[in-house]
Amino acid sequence: MIDNFKHKGMRQQLVSTVKSKGITNEAVLNAIGKIPRHLFMDSSFLDHAYQDKAFPIAADQTISQPYTVAFQSELLQINKNDKVLEIGTGSGYQTAVLCELGAKVYSIERQQELFKKTSKFLPKLGYRAKKLVFGDGYKGLVEEAPFKSIIVTAGAPFVPKPLLAQLTIGGRLVIPVGDNVQTMTLFIRKGEKEFEKTEFGEFRFVPLLEDKN
Ligand code: SAH
């Protein structure tokens with residue numbers, strides 16, 4: 001696993017790109033500048049690792065575009081030691097960003113192959129999530145709830161009720177909602193049954209799938 005000056009240089013380029021698209025949160029930009037994204041991708045895509053694009057990983061899934069990762073991470077407004085739930089571990093890149101932001105990370109992946117691969121890989125880079133779970137993200141993680149933030153990294157056809165229910169008061173859910181194209185949506189829990197909803201731009205994700213386990 002090599003991370004050399006060339007990679008570091010390309011990463012700084014990527015940070016500039018993401019910044020020029022409107023990301024201002026310094027901690028998020030630092031995380032993008034620090035994490036060796038090329039190591040999260042298959043070797044055939046190494047040359048593409050520091051382009052601001054999504055790319056295929058195993059099991060027909062994708063590693064999200066860095067700008068999208070940054071956009072969602074910024075919306076979460078993470079403070080150190082916040083308990084954060086991620087739906088869709090995938091390559092683990094977003095998980096690593098959450099770790100860099102100082103969060104206590106719980107992440108769920110429904111594909112066994114990715115779950116196994118990423119569970120082995122992240123600790124090798126020094127990223128220790130509190131818990132990586134093989135399961136169905138639609139259900140959230142009730143035994144560890146409530147969470148300060150929940151991030152969904154696949155396109156959700158609707159907002160799963162358990163995710164709203166597993167937020168702390170004041171907690172934030174960032175979820176791309178839609179079928180072919182998704183609207184990035186932020187829910188802030190204002191009270192037991194009260195949520196403030198804000199919609200942002202359109203993004204494209206692989207679908208959040210039901211009924212595999
Ligand atoms: N955060 C990932 C993005 C991966 S793409 C990264 O940075 O690489 C979305 C991921 O969500 C895929 O790995 C897919 O298998 C997973 N996924 C899809 N439906 C899911 C579900 N119901 N529960 C948990 N994970 C799911």
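The largest nonpolar core of this structure has 45 residues, and those with the most contacts inside it are Ile23, Ile35, Phe40 and Tyr93. By a nonpolar core I mean a set of buried Ala, Val, Leu, Ile, Met, Phe, Trp, Tyr and Cys residues joined through side-chain atoms within 4.5 Å. Buried stands for under 20% relative accessible area, exposed for over 50%, and partly exposed for what is in between, with a 1.4 Å probe and protein chains only.

The elements that give two or more residues to this core are H1, H2, H3, H4, H5 and strand S8 (182-189). Helices (H or I, at least four residues) and strands (E, at least two) are DSSP runs, numbered from the N terminus. H3 provides the largest share of this core, 6 residues. Apart from it lies another core, of 19 residues, among them Ile87, Leu167, Leu173 and Phe187.

Before I continue, a word on the source. This is a predicted model, in which local features need pLDDT of at least 70 and side-chain atom pairs count only at pLDDT 80 or more, while totals for chains, interfaces and linings use all residues. Residues are numbered from 1 along each chain as its sequence is written, and side-chain values use heavy atoms, with hydrogens and water left out.

Let me return to isoleucine 23. Not counting residues up to four places away in sequence, isoleucine 23 touches Val18, Val28, Leu29, Tyr67, Ala70, Phe71 and Glu74; contact means heavy atoms within 4.5 Å.

An open sheet is formed by 7 strands in the order S5-S4-S3-S6-S7-S8-S9, with mixed pairing. Two strands pair if DSSP finds at least two bridges between them. The edge strands are S5 and strand S9 (195-203), each of which pairs on one side only. Neighbouring strands of this sheet are turned by 15° against each other on average, direction ignored. H5 packs on the sheet and touches S4 and S5, and its direction makes about 165° with that of S5. For such values, axes are lines fitted to C-alpha atoms, for helices over the stretch in contact, and angles run from 0 to 180 degrees between N-to-C directions.

Strand S4 deserves attention. In S4, 5 of its 6 residues are buried. S3 and S4 pair in the parallel sense over 5 bridges, and lysine 83 has lysine 104 in S4 as its bridge partner. From S3 the chain crosses through H4 to S4 in a right-handed β-α-β crossover. Right-handed means that, with the strands pointing away from the viewer, the path from the first strand over the helix to the second runs clockwise. Strand S4 (residues 104-109) also pairs in the parallel sense with strand S5 (residues 131-134), over 4 bridges. Here serine 107 is bridged to leucine 132, and isoleucine 108 to valine 133. S4, helix H5 (residues 112-124) and S5 make a right-handed β-α-β unit.

Where does threonine 89 lie? Its place is in the loop between strand S3 (83-87) and H4. Threonine 89 counts as buried because its relative accessible area is 7%. The side chains of threonine 89 and serine 107 are joined by a polar contact of 2.7 Å. A polar contact is a pair of N or O atoms within 3.5 Å; within protein, one must be able to donate a hydrogen and the other to accept it, and residues adjacent in sequence count only if both atoms are side-chain atoms. Beyond four places in sequence, threonine 89 touches Thr95, Ser107, Ile108, Glu109, Thr118 and Leu132.

Is serine 149 buried or exposed? Serine 149 is buried, because its relative accessibility is 1%. Leaving aside neighbours within four places in sequence, serine 149 is in contact with Leu76, Lys83, Val84, Leu85, Leu167 and Arg172.
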